Each structure stands twice: as structure tokens, then as C-alpha cells.
Number of protein chains: 2
Amino acid sequence: MPAPEFFQVTPVADALKLLDAHWQPQPRAEITATAAALGRILAADLHSPEQAPAFRKSTVDGYALRAADSFGATQSLPAFLQVRGELKMGEAPQLDIDAGEALLIHTGGMLPASADAVVMLEQTQSIGGRDVEILRAVAPGENVIQAGEDVMPGAIVLPRRHRLRPQDIGGALAVGITEAAVLPRPRVGILSCGDELAKPEANLTPGMVRDINAYTLSAQAETLGAAPLRLGIAADSIADYRRRAEAGFAACDILLLSAGSSVSARDYTRDVINGLGAPGVLQHGLATKPGKPTIIAVCEGKPVIGLPGNPVSALLVARQLLPHLVARFQGQTPPAPARIRASLSQRVASVSGREDWAPVKLSKRADGKTMAEPIFGKSNLIFTLIYADGLLCVPLNTGGYDAGSIVDVELF
Amino acid sequence: MPAPEFFQVTPVADALKLLDAHWQPQPRAEITATAAALGRILAADLHSPEQAPAFRKSTVDGYALRAADSFGATQSLPAFLQVRGELKMGEAPQLDIDAGEALLIHTGGMLPASADAVVMLEQTQSIGGRDVEILRAVAPGENVIQAGEDVMPGAIVLPRRHRLRPQDIGGALAVGITEAAVLPRPRVGILSCGDELAKPEANLTPGMVRDINAYTLSAQAETLGAAPLRLGIAADSIADYRRRAEAGFAACDILLLSAGSSVSARDYTRDVINGLGAPGVLQHGLATKPGKPTIIAVCEGKPVIGLPGNPVSALLVARQLLPHLVARFQGQTPPAPARIRASLSQRVASVSGREDWAPVKLSKRADGKTMAEPIFGKSNLIFTLIYADGLLCVPLNTGGYDAGSIVDVELF
């Protein structure tokens, strides 16, 4: 039996910098329907093919007129105009006005050529027949949006690398951009390895456990907008492990290997990764708990991460690495995790030389104070994370937090 | 032409309370694969069909033994045990131990019947042949997880109304729960109305604009985990509007009507809603800008919202109402929007009797201060929201914020 593993550990941030130095993602843009592009990242600036608005339009319900015809009009001394009719929505004006005339117009309606302003309905008085009193003077351009006032043809509506929000989709569609070049979602391959692993739907025989890393990690990838790709379970044989890793590697942009608990599976992971291409393993060992035996690698221009087989470790390490990888693939900065400030109910110790992540349960006290209760337990099962609302990070070399400390809890 | 619209406006929170009083959603659970249930809400408690772990397992790499055989062992006075072999991962032990014997075991491996503890590899010394020195005493149960220590059969793994996170999916799968009863995503129907509206892919004729509310509102619904259902564009005719609204209403759980700008379309909306069933319109007019002419209704047990046709108003009102509706449909509390504190670059005025929402652009000053710059402009087009990073709410009857005020900006 080989000696226990000793690593030259490095802080997570340093390991990511090392990885970045060897990884320059060049994702190829793909064309997608704008209407289906929520959350996607633009691969190129979006230029407007047309002006917006496309025509001069009224911003109110009222009468389109020549502003000069309203000059001097007041409540006590209104201007009288003849109403030539009503402008229909959705059509070019069939009517125009001469001096002394007006046309009823609705919000969003297109102004006739000779009108240069709109007076609001509330500032008029119909006096029967075809006449209307104008009770207030309007300036040229008043209550009118000029054609192209919002966007000129060729203008950049949205810049490259922008993540599309609901209003961006609306804005692009408003100027007729129905397709957009976006960056692909990174395909995150996930391969588990271990003779003890069974699929979740299996009837367990004694000694077997269900492979859940494939599912927690793909769910984690999904929350980040990546496209997870479950690659199945490799047996504790270097040949099977290598074969499945190679096939998966070819099909994905980021590869996660979650090695089973057996020593052989752990040993194999390093070799399997190095076999995927240069430069291979960059770092073995992170200064974080859980997650110490993590492997950081780049092979043939793709990041490969060797995660611990333990489901808690695998998920907590993925939470630290995957947001960075997915964001960098798309030229983004990873979003800051949501945090809440809470008072710690009991001491959380920490060992020098590593950061510690402790699951915590949050609760509100009668006095309104938010309390964070660390969830301890020797079990490495996923249930400590299920009972938790978030994670407390004890940074490197701080010696832990005392009971009563005010801490920032990273929310799930 | 009818008189301009005057409403008895009510604050948004009051309108939602009124709606809640008439709306008791009874969503019918649906069965989904656990692996595909990220973000879904459990319709019922999840009970574990089995215990976890399923068997007594080692938490370390080491030797399974009888703890009594290690009693008194120290570095200087080790206990000697005979190694009977190695336990394979994923199998029930083919071997057992007698007093004075040990079996090599890996992390996660199943303990043989007669072993009651594991000593870590690091605390042993192989002395060649089949003997091993035990350098430290272990207590019964040390480095062992008992069967059922994490979850007992029948225990509630996750409670009703819980939203599934990556670890929850893993935990459920760990105990073999491969399907779960979850609440359906509410189907949010969106119907636009107006003769001036064209589909985004249309070549615009003069006077026409593209219908973008269908897309901004469906994207907004999507961000909330709802299932949007675009119902197309109704013409400015009560018959067509009614026909499309009725068909859409039958197919959705929440109906949004976005009435075009013409007076007739606005007038029709109220009648169309009342035609969908009792009690019908509950409130017409919200004390919020933009969004004043919004209609709040419940028809035959479904909420129906009449939104302004203006894209900015429609989206900003939907942001205020839809999170509540989607959350309530699923028995949840709407998530608090992400906010950032910023210093206001210029005064934002507000009129008494309503709350005001102003789009703002955020920037970091050289001194690290976050500045919020309000985006003004008479235009009602969606572009003011595209250039914005978030929204500033000036609450009811506060008279606005002065330049330099420290404000909370709700992020998009």
C-alpha cells in the first residue's frame, strides 16, 4: 500500500492564477435566436440595423398640430383649431394638416408631415363639431419623439461580452435584431471513478454507494449557466478510466474528474490527466479544507480538475473553482456569491496554512439578530450540506472565529 | 374621444394583498427526475426509503481491527497484528478478522463483521510479510461511520416547499430517490394587444412598431423560474382580443395582458379581463411610476394583470408583481432583489402619492466610491433600461433624493 498523500498545497487563488497562465479560452461564437438568448454572452457588438423609433411619434394622447398655432394660447384665451380627423395606430398618416388644423393622435401614433408638436388631451377642450380649444401653448417638438432619437442606424446597441437581460432582448428585438452571435455555454464534462460507485437508480449491493458527484457537480455547473455533460462511471482500472476520460475530454470544454476513494483510483487520476495532453498537472494540493487533494491541470488548452471523491469536498471545491472557469471561458468576471452577515453561535477552529469551509445553519433570533450555527460531524456525506443554508470561510492563517464573531456567510 | 384616465391608485403592496385575498393557488404536483430537478420546489416531504450510509464504512485509509486489540498501543510500544488481506471497494467483505488480526481498508470501504474500528495508515507501520505495527490505540467506532448514521429509513430528507439545490439533488439520489413530486412551474401567459404591433421579425411598415413586451416579459418570467407562454398579438378589436385572451387564459396559471397604446385597446383590457371570470378587476391604478394604469385582477382563481403597453412601464411593473405571483404560486417567499449601496450623482425628484422608479447607471470613482447616475429622458423606449445597471426606488411620499444621497440600487 502506498504511503499516505502529502502535497505541497497552494491557496486556491494562486492555483487559479497558475491555471489562467496556461489557459487562453477561444470559444467559437454561435448564432442564437435573440428571443431565446436570456443570460447568454454576446460574442460581438450588436449594431442597430435601423433607427429607433422608426418614425416621429407622439408620447401622449392628444392633438397633433403646428406648434406655432398654439403660441399664446391659455385657459382664458384658447387657440381654436379645426380637427381634421383621427390618426389610426399602426399606419402612416392618411391625412395631413394645414395651418389652423389638428389631428387626434394616440400615444405612439405617427405624426403627419406638417405637424411638429402634440398637445395633451387634458390641455384641450372639445367644443362640439370639428373644433377644439387648445388651452396651453406647446413648443416645437413637445410630446414628440423624433425618429432615431433613441438609436441611430449602425449604433452599438449592446457591447461584446455583455450578458443579455430581459430589457436587452427587448431592445435588440425592437430594432429587428432577431439573431445574435453569442458565446457557447462551456460544456463541463464530469467523470466519476471508483469500483464502489453505482448509478443512483441501482439497487445497491453491500459495499456499493451511489455516485452522486456526477449530479451535484452537473447541478452546480447548471447554476452557472454551463452545459453539464455526465460521462458516467469509470472502473478502478487505468485502462477504463483513461478511455472514458479521453472520450469525455474530446466532447467538453472543461473536464472534472471525481476520483473514487480507493488509493488506486486516486493514483490513476494524475496519470490519466497527464495522458490527456500538455502541460498536464500544474498543481496537486489546495490549501483549503475540504478539498486538499484537488488537482489543477490544463491539457491541450482545456482545464482539467481532479476533484476529491468525497461528495462534500467535491462540491465545495467545485464551488470555488467552477465559477471562475465558466466565467473565464466567456470572458466574464465570476459573480460575487450572495452573502449575509451573521453572529456565530460557537467557535469555528482553523488550522494554520489552509482556509476552512464550514457549513452553517442560519436562524433569526427573537431580537432580529441572524445567527450562524456551524454544522459539525465526522460524516463526509452530503447531508451536512443539505442541513446548511450557507458556508462560512475561515481565511488562511486566521486561527478561526470565536463564538459571537460577526461573520459573512456565503449563501447557497 | 373618451376623457383621459383617472385612477384611484393604490400602493403596490396593498394591491398584492388584495390579490392574495382572492387567490389561493392550488398547483397540482408533477413527478420529475431528481437529477433534472434543480431549482424545483418539492410538493411533499421527501422520505428516505433506506438508511445512509447503507453499511458501516471506514472514513480513512487504514486497517480495520478490533479496537480492543489496539488498547495501550503507542509509538514506543506498538501492538502487532496479522494482516489477513485487503478489503475490496464496492464489495461485501469476503474476509473477516479474529482477535489479533487486521484487514487493509480504503476510505468508504465496508467493515467486516468482527471489526469495530479503523486505525489510520499514518498510525501504522508495515513490518514486512503479513504483520503491521499499530502505533496508537483506537476507540470502538473510531474512523467508522455507522450504518444509518446520516439518515434513518423513513426520515425526512428534505421538507415540502424546499427549493432543490445541487446538494439536495445529491442527497436525494444518495438514498435512491430518483424521482420527486415537485410543484409545476407557473405558466405565465403573455398577450399583447394593439394594431400598431408587429412581430420582431417583420419588416416594419410606417406607423408600426415591434412587439417587444412579449419577449421582455417572458424573459422576466424565465429569470423567476416560471414557464412563459407567448400568446401573440391581438388586434384592436374587442372580439379578437377576447378570443385570444380566453384561449391563453385556459392554457396558463398567470395571465399578463399588455395593452397597446390606443385608447380602445386600453379600454378593452378591463372588459376583456372581467369577461374571463369572477371576481375580475380588483384594482385599476397603482401608486407607482412608471406603471400607474396597471390592472390587478383575479378571474376564476387565476391572477390576471393588465400591464401598460409602454415597454419600460410593462417591464418595471412586471418586476414588482411577477416575483410575488410566481413565488406565491409555489408557496414561496419572493427572493429579495440584489442591491448595492451607491452615492447619487444628481437629484431624483418624486411626486407625492406615488413611488418612483428611476433607471441608474453605476460607476466606480477613483476613490472607490460607487456612484449612481440616474438616466432621464422623455423617451419611453426600452433603451433607458439597457443603458442602466439597476433601479432606484424613491418610496411613496418622500419627496425624492438629493444629489449625494446614499441610496440602495436594485440590480438587474
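This note covers a chain contact, a sheet and a helix in a predicted model.

1. **The contact between chains A and B.** Chain A gives 71 residues to the contact, and chain B gives 71 residues. On the side of chain A that touches chain B, five elements each supply at least two residues: α2 (166–174), β15 (209–210), α3 (213–223), α6 (311–329) and α7 (383–386). α2(A) has the largest share, with eight residues. Sorted by class, this side of chain A holds 37 nonpolar, 20 polar and 14 charged residues.

2. **A sheet in chain B.** Six strands form an open sheet. Their order is β7-β4-β6-β5-β9-β8, and the pairing is mixed. From one strand to the next, the twist averages 40°.

3. **The edges of that sheet.** Look at β7 (117–120) and β8 (124–126) of chain B. Each has a single partner strand, so one side of each has no neighbour in the sheet. Within β9(B), B:V132 is the bridge partner of B:S126.

4. **Helix α3 of chain B.** Is this helix largely enclosed, or largely open? Nine of the 11 residues of α3 (residues 213–223) are buried, so the rest of the structure largely encloses the helix. Among the buried residues are B:Y215, B:L217 and B:Q220.

5. **What α3(B) packs against.** The buried residues of α3(B) pack against α2 of chain A. They also pack against four elements of chain B: β13 (187–193), β16 (227–234), β17 (254–259) and α6 (311–329).

6. **After the helix.** B:G225 follows α3(B), and its phi is positive, near 85°.

Technical notes:
Residues are numbered from 1 along each chain as its sequence is written. Chains are lettered from A and ligands numbered from 1 in the order in which they are written. This is a predicted model: local features need pLDDT of at least 70, side-chain atom pairs count only at pLDDT 80 or more; totals for chains, interfaces and linings use all residues. Two residues are in contact if their C-beta atoms, placed from the backbone, lie within 7 Å. Ala, Val, Leu, Ile, Met, Phe, Trp, Tyr, Cys and Pro count as nonpolar, Asp, Glu, Lys and Arg as charged, and the others, Gly among them, as polar. Two strands pair if DSSP finds at least two bridges between them. Axes are lines fitted to C-alpha atoms, for helices over the stretch in contact, and angles run from 0 to 180 degrees between N-to-C directions. A residue is buried if 20 or more other C-beta atoms lie within 10 Å of its own, exposed if 12 or fewer, and partly exposed in between; C-beta atoms are placed from the backbone.
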